[in-house]
Amino acid sequence: MFTYAIVRKPSESMLDGITEANLGLPNYVLALAQHQDYILALQQCGLKVIQLEPLAEYPDACFVEDVALITPKCAILTHPGAATRKGEVMYIAAALDKFFPSTGKIEAPGTLEAGDIMMVGKHYYIGLSQRTNAQGAKQLIDILERHGLSGSIVEMSGLLHLKTGLSYLENNHMLTFGDMYSHPDFSHFNRIKIETEEAYAANSVWINDTVLVPKGFPKALSAIKNLGYKIREIDMSEFQKLDGGLSCLSLRF
Ligand code: CIR
C-alpha cells in the first residue's frame, strides 16, 4: 500500500523536453490540466500528494520518477543517463530529506533512471537502457542488498525505460509489451499482452488496488478490468508527446 506521492508541476520549458515520439509539441495549458487530473487521481486512491514547484531550467523535471527510487526501507538518488536531467537530482534530494533520514546515491560512471526499475515485492528489476548502465544497476543492487532487498539486471532493447514496456499490477499480474511478453525473466508472471497500437498503455500504475490507465487504449483497459481492478483513466496526451508514461509523473511510497 502507498501513502504518499511526490509530483512536480510541469514548467512551460517542458516544450524543450527530450523526445523521440514525433507527436508534436505539447500544449502547456492542456498539460497543466492533465497534471491536475493526475494529482486528483492519486488523491482518489487515498494518497497524500506533495506538489513540488516547477523547475524552469530542467524541461523534463516533471518526470520525477526517474531521479529517485523510494523503497519501504530507503530512498536512493539516481544519476540520470540523460545529460540534461542530471541536475534534477539535487532538487528531489531536498524534497526527500523531509521523509528519509539518509539516502543512497548512484555515482558516476554509473547511470540510472528509475523508470528502468520495476518493483515486485522486495525485488527490483533493473533494465539496461540508453539511460541506465551496468555500473549504475550494480551500485543499486548493492544498496538494496544492504537494506534486505534484492535486485536483478534485465537485458532489453528498443525501449526508453524498462517500464515503458512493462508494469507490475501486483497479485502476480504484469502488463507486457513487445519483447517483454516473452522475456524469460518474467515467464513466471501472469503476463497480459499489450498490442503494438496500444503500447503506451503498457505503462499503467497500480495504486492501492486501483489501476491508473492512460486514456484511449480500450483493449488494455478491458484486459485490466478483467483482472478485477478498479480503474481510473487519465488523459496523458501532452506527456506522451515527451515520451513520458503515467508512472513517471510521480514517486509513490
Ligand atoms: C525523458 O526523455 O527523459 C523524458 N522526456 C521522459 C521521461 C519518461 N520517464 C519515464 O518513463 N520514467
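**Cavities, pockets and sheets: a guided visit**

Guide: Welcome! The second largest cavity holds about 30 Å³ of space, and the model we are looking at is a predicted one.

Visitor: Which residues line the second largest cavity?
Guide: From one stretch come Arg 8, Lys 9, Pro 10, Ser 11 and Met 14, and they are joined by Pro 54, Leu 55, Tyr 58, Pro 59, Ala 61 and Cys 62. Each has an atom within 4 Å of a cavity point, so each counts as lining.

Visitor: How does the lining of the second largest cavity divide by class?
Guide: There are 8 nonpolar, 1 polar and 2 charged residues. Tyr, Cys and Pro count as nonpolar here, so Tyr 58, Cys 62 and Pro 10 belong to that class.

Visitor: And what is the volume of the largest cavity?
Guide: It is about 390 Å³. Its lining has 23 residues, with Phe 2, Glu 65, Met 119, Lys 163 and Arg 252 nearest the centre. By class, the lining of the largest cavity has 14 nonpolar, 5 polar and 4 charged residues.

Visitor: Which strands supply at least two residues each to that lining?
Guide: They are β3 (68–70), β6 (117–120), β9 (166–168), β12 (205–207) and β15 (251–252).

Visitor: Why is the largest pocket called a pocket?
Guide: A pocket is an open set of points with protein on both sides within 12 Å along at least five of seven lines, so being open is what sets it apart from a cavity. The largest pocket has a volume of about 810 Å³. Of its 33 lining residues, Leu 159, Leu 160, His 161, Thr 164 and Asp 243 lie nearest the centre. The classes are 13 nonpolar, 12 polar and 8 charged.

Visitor: Which residues lie nearest the centre of the second largest pocket?
Guide: Met 1, Phe 2, Thr 71, Pro 72 and Met 119, out of 15 in the lining. This pocket holds about 290 Å³, and its lining divides into 9 nonpolar, 3 polar and 3 charged residues. Phe 2 and Met 119 are also among the residues nearest the centre of the largest cavity.

Visitor: Let us turn to the strands. How do you know that β1 and β2 pair?
Guide: Strand β1 (residues 4–8) and strand β2 (residues 48–52) share 5 bridges, and pairing needs at least two, so they qualify. Their sense is parallel. Tyr 4 has Lys 48 as its bridge partner, and Ala 5 has Val 49.

Visitor: What makes the unit of β1, α1 and β2 right-handed?
Guide: With the strands pointing away from the viewer, the path from β1 over helix α1 (residues 28–44) to β2 runs clockwise, so the β-α-β unit is called right-handed.

Visitor: Why do β2 and β15 count as edges of their sheet?
Guide: The open sheet has 3 strands in the order β2-β1-β15, with mixed pairing. β2 and β15 each have a single partner strand, so one side of each has no neighbour in the sheet. Across β1, β2 and β15 lies α1, at about 175 degrees to β1. Helix α2 also touches these strands, its direction making about 145 degrees with that of β1.

Visitor: What is the order of the strands in the open sheet that holds β4?
Guide: It is β3-β4-β5, 3 strands with mixed pairing. β3 and β5 (103–105) have a single partner each, so they are the edges. From one strand to the next, the twist averages 20 degrees. Strand β4 (residues 75–77) runs parallel to β5, joined by 3 bridges, and Ala 75 stands opposite Thr 103. Helix α2 (residues 88–96) lies across β3 and β4, at about 160 degrees to β4.

Visitor: How do you know that β7 and β8 pair?
Guide: Strand β7 (residues 123–127) and strand β8 (residues 150–154) have 5 bridges in the parallel sense; at least two are needed, so this is a pair. Tyr 125 stands opposite Ser 152 in β8. From β7 the chain passes through helix α3 (residues 134–146) to β8, in a right-handed β-α-β crossover.

Technical notes. Residues numbered from 1 in each chain as written. Predicted model: local features only at pLDDT ≥ 70, side-chain atom pairs only at ≥ 80, totals over all residues. Heavy atoms only, no water. 1 Å grid on protein atoms, 1.4 Å probe; cavity = no way out; pocket = protein on both sides within 12 Å on 5 of 7 lines; lining within 4 Å. Points joined across faces, edges and corners; volume = space filled by probe spheres on them. Helix = DSSP H or I, 4+ residues; strand = E, 2+ residues; numbered from the N terminus. Axes fitted to C-alpha atoms, helices over the stretch in contact; angles between N-to-C directions. Contact = heavy atoms within 4.5 Å.
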